[in-house]
Amino acid sequence: MSLRADAEDVLTGWTAPTADEEILRKEFLEHLHANDDAMWRECVPGHLTATTAVLSHDGERVLLTLHPKAGMWLPMGGHCERGDTSLEAVALREATEESGIPGLRLLPGPLALDRHLVWCHPPHSRHLDVEYGAVAPAGVEAVISAESLDLRWFPVEEIPDLSDEATRRLARRAREVLRSK
C-alpha cells in the first residue's frame, strides 16, 4: 500500500473526538483528493505531516523539543519521506530521529488532527498534522538532534506557556490512551 493510500485509509477510518477535528478530517481528505503531491513537502498550499507526543514510560511526562523556527516547545514531528509506507511509520521515524530514543512504542492512533501555518514555502504554507503518541522505555535519555534547540521532559499537566493548546491536547490524549491499556 502506498503512503497516500494509507493516509486516506487512516483518515477515512478515524473517528474524530471533536466537531472541529471532524471538519479537519474531511478537509484533509479533500486535500488528498485535490493534490497529487499532498503527502510531500513540495505541495505549496499544505501537506500531510505526522507528529508524536513522546511520553515517559509511566505517562507522567512528555518530551518536547524547542523548535528552532517556531521558537516554541512542541512534540516531535515532520514531513513524510519517499520511503515511508504509513503515517504511523512517519510518526515513529520522526519521534525517534528527533528524540534520539531507540525502542519507542507507538500508541494506537491517530489521537488528534491539527492544521497550522509553517514556513516551508515563504511566506508560509500549512502542515496538515496527523498526531500520534509514543511511549519511551524506562530510564532512557533523550539526545538533542540538529533539528532542535533543546529537549526537555515536562509533566503532562505543566507544559510551558511557550507551547500551544494542540501540544497540551495531544499529550493529555496520549496519556489517557496509555492509562487505558
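The buried residues of helix H4 (165-179), where buried denotes under 20% relative accessible area, exposed over 50% and partly exposed the range in between, computed with a 1.4 Å probe on protein chains only, are Ala166, Thr167, Arg168, Arg169, Leu170, Ala171, Arg173, Ala174, Arg175 and Leu178. The model is a predicted one, in which local features require pLDDT of at least 70 and side-chain atom pairs count only at pLDDT 80 or more, whereas totals for chains, interfaces and linings use all residues. Residues are numbered from 1 along each chain as its sequence is written, and side-chain values use heavy atoms, with hydrogens and water left out. Helices (H or I, at least four residues) and strands (E, at least two) are DSSP runs numbered from the N terminus. Because the expected span of a helix is 1.5 Å times one less than its number of residues, the 15 residues of H4 should span 21 Å, which agrees with the 21 Å that separates its end C-alpha atoms.

Helix H4 also contributes two or more residues to the lining of the largest pocket, as do strand E1 (47-55), strand E4 (76-79), helix H3 (87-99), strand E6 (112-118) and strand E7 (125-135). A pocket is defined on a 1 Å grid over the protein atoms alone as an open set of points where a 1.4 Å probe fits, with protein on both sides within 12 Å along at least five of seven lines, and lining residues have an atom within 4 Å of a point. The volume of the largest pocket is about 720 Å³, volume being the space filled by probe spheres set on the grid points, which are joined across faces, edges and corners. Of the 34 residues that line the largest pocket, His67, Leu74, Gly77, Val118 and His127 lie nearest its centre. The lining comprises 13 nonpolar, 10 polar and 11 charged residues, with Ala, Val, Leu, Ile, Met, Phe, Trp, Tyr, Cys and Pro counted as nonpolar, Asp, Glu, Lys and Arg as charged, and the others, Gly among them, as polar.

In strand E1, threonine 49 is buried, with a relative accessible area of 1%. Its contacts (heavy atoms within 4.5 Å), leaving aside neighbours within four places in sequence, are with Gly78, His79, His127, Leu128, Asp129 and Val130. The side chain of threonine 49 makes a polar contact of 2.9 Å with the side chain of aspartate 129, a polar contact being a pair of N or O atoms within 3.5 Å of which, within protein, one must be able to donate a hydrogen and the other to accept it, residues adjacent in sequence counting only if both atoms are side-chain atoms.

Glutamate 8, in helix H1 (residues 3-13), is partly exposed at a relative accessible area of 30%. Beyond four places in sequence, glutamate 8 touches Leu29, Leu32 and His33, and its side chain makes a polar contact of 3.0 Å with that of histidine 33. The C-alpha atoms of glutamate 8 and leucine 87 are separated by 10 Å, although the two residues are 79 residues apart along the chain.

Leucine 106, in strand E5, is partly exposed, with a relative accessible area of 21%, and its contacts outside four places in sequence include Glu88, Ala91 and Tyr132. Most peptide bonds are trans. A cis peptide bond, with omega about 10°, joins glycine 109 and proline 110, and proline 110 lies in the loop between strand E5 (105-106) and E6.
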